[in-house]
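Here is a short tour of the structure for anyone who likes to think in side chains. Please keep the sequence and the model open as you read.

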Amino acid sequence: MGSHLPNNVAIIGCGLAGLSLALALHAQSIPCSIYELRSTSAKSTGALMLSPNALRILNSLGVFERIRVKGYNFTNIAFKNEDEETTDLYPLGDEHRYGYKALRIYRQILLDELRSMVHACDIAVNYGKKFSHVISESSTEVLFAFTDGTSASASLLIGTDGIHSTVRKYVSPSISPNYSGALAITCAIPLSALHFPPDKDYSTLPVAIHGANGTFVIAPQDIDGSEVLAGTQKKYPEQTREEWDRLFSAKDELLTLLSANKSAWPSLVQSALDSVPKETLSIWPYYTVPKLPSWSSSSHHSRVLVIGDAAHAIPPTAGQGASQAFEDALSLALLLSHPSSSPNLAANLEFWQTYRQERIDRVVKLTLKLNNTRLPKAERESLDKKMIWSSESDLEELEWLYNHNIKEAMLAGLEKEK
Ligand SMILES: Cc1cc2nc3c(=O)[nH]c(=O)nc-3n(C[C@H](O)[C@H](O)[C@H](O)COP(=O)(O)OP(=O)(O)OC[C@H]3O[C@@H](n4cnc5c(N)ncnc54)[C@H](O)[C@@H]3O)c2cc1C
């Protein structure tokens with residue numbers, strides 16, 4: 001191991017950011033351990049969409065080939081109007097343009113693959129350990145506590161503990177997540193239960209149908225596309241965590257919410273609403289994390305950091321939440337392994353945060369443009385066209401997102417910082 005490398009990194013949270021960070025650090029010969037509040041048997045539900053920028057990183061970590069064959073590979077999502085005519089195609093991947101198709105994969109399958117790779121690298125994962133607080137931080141070490149009264153130390157502590165992060169309370173205490181006012185209600189339906197009207201073109205899936213009730217999404221999610229996610233989003237008042245849990249369990253109430261004003265949807269959506277397996281109904285209240293003043297404990301010794309949703313949970317429409325967490329993980333591992341980070345950690349972290357925040361800000365802008373495509377027709381038509389995503393004017397824009405070379409950008413930036 002190079003003498004400039006951190007000798008012991010503690011990662012709080014064994015989700016997508018934590019696991020990918022552990023693999024990226026291991027690839028740079030930086031030792032780390034993970035602490036996760038849940039037990040080994042805890043399971044996650046639902047599927048995720050991964051775009052080329054994420055898949056390129058997972059490829060570099062040796063994960064891509066393991067997951068490619070375990071999910072649904074596709075190129076575009078079709079936007080349709082109320083008459084079910086295709087109005088645009090939004091690429092979520094493209095093998096020729098961006099090197100990869102998009103991949104929709106169950107979260108648990110992805111987590112299982114990442115965990116088995118972490119295990120194969122002999123990285124310790126300590127389950128049932130809930131991080132509580134930082135006890136002290138010096139220029140070489142962080143001492144931190146768990147809720148069971150035990151403590152541990154590390155040369156760096158990295159919070160990958162998600163949107164309601166406890167580590168963030170130390171790094172940027174003034175920040176807490178904002179509820180956007182919108183709730184997604186989704187379910188999983190066999191594709192065979194849907195009635196596709198023969199006179200309409202549904203050759204491209206996933207599809208987002210923009211109708212009088214809002215937008216209804218149908219997205220294949222099994223390897224062969226035999227199951228689809230179906231759902232829509234609605235304005236809904238903020239709830240406490242306990243109340244969200246109650247709503248999640250109230251399947252009849254969710255079905256009523258999802259099916260509201262059913263006759264106003266096209267017949268395809270109505271066929272979906274007639275076939276909902278109630279136990280698959282789920283909710284996703286959209287919370288976002290406002291811009292952090294700092295991603296690291298810069299007012300102390302910069303030895304405590306946050307990445308992933310803890311640093312920047314973003315709205316879902318561009319499907320970039322997990323992808324941006326992978327970008328954080330790889331770029332941070334490259335930073336920590338760079339010789340200049342040993343003497344200049346704080347300065348390098350400042351450069352890294354600016355670089356990462358610029359990309360997040362662009363994703364948020366893109367998300368806003370995509371959200372505007374989902375507005376009711378009258379509202380949409382009242383907006384400046386530049387505010388609405390269209391393949392005609394915005395397709396080239398996706399190059400910065402999908403074809404970005406993190407290694408090049410990081411090395412160039414770190415050389416400048418020297
Ligand atoms: C329904 C849904 C659908 C989504 N679909 C997509 C999609 O299609 N594409 C996409 O890119 N993104 C999607 N996202 C967003 C994506 O899931 C997140 O951006 C991503 O999971 C962030 O990863 P993370 O590791 O930062 O956080 P998380 O996945 O939330 O992981 C945090 C981990 O930290 C643990 N933890 C929390 N607190 C503590 C503590 N105090 N001590 C120890 N451990 C702790 C948690 O148990 C968890 O394991 C979706 C999200 C949801 C909810």
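We can begin with D245, which sits in helix α7 (residues 241-249); helices here are DSSP runs of H or I with at least four residues, strands are runs of E with at least two, and both are numbered from the N terminus. D245 counts as exposed because its relative accessibility is 54%. The terms work like this: buried means under 20% relative accessible area, exposed means over 50%, and partly exposed lies in between, with a 1.4 Å probe and protein chains only. The C-alpha atoms of D245 and H301 are separated by 38 Å, and these residues are 56 apart along the chain.

Two points on the background. This is a predicted model, where local features need pLDDT of at least 70 and side-chain atom pairs count only at pLDDT 80 or more, while totals for chains, interfaces and linings use all residues. Residues are numbered from 1 along each chain as its sequence is written, and side-chain values use heavy atoms, with hydrogens and water left out.

**Salt bridges**

Side chains of opposite charge can pair when their charged atoms come close. A salt bridge here is a side-chain nitrogen of Lys or Arg within 4 Å of a carboxyl oxygen of Asp or Glu, and by this rule the count comes to 14 salt bridges. The table lists some of them.

| Pair | Closest N to O distance |
|---|---|
| E65 and R68 | 3.3 Å |
| D394 and K369 | 3.0 Å |

E65 and R68 are both found in helix α3 (residues 64-68), three residues apart, which is about one turn of the helix. E65 counts as partly exposed because its relative accessibility is 48%, and R68 is also partly exposed, at 33%.

D328 is buried, with a relative accessible area of 0%, and R356 is buried at 0% relative accessibility.

D394 forms a salt bridge with K369. D394 lies in helix α14 (residues 391-394) and K369 in helix α12, so this pair ties together parts that are 25 residues apart in sequence. D394 counts as buried because its relative accessibility is 7%. Salt bridges that share partners also join E327, D328, R356 and R359 into one network.

**A strand with buried side chains**

Which way do the side chains of strand β3 (residues 47-50) point? A47 and M49 point one way and L48 and L50 the other way, and all are buried. Strand β3 pairs with strand β7 (residues 102-106) in the antiparallel sense over four bridges; two strands pair if DSSP finds at least two bridges between them. The bridge partner of L50 in β7 is L103.

**Surface patches**

Patches are made of residues with over 30% relative accessible area and no salt bridge, joining like charges within 9 Å and nonpolar side chains (Val, Leu, Ile, Met, Phe, Trp, Tyr) within 5 Å. L368, L383 and M387 form a nonpolar surface patch with about 220 Å² of accessible area together; such areas come from the Shrake-Rupley method with a 1.4 Å probe, and for residues only the protein chains shown count as cover. L368 belongs to helix α12 and is partly exposed, at 43% relative accessibility.
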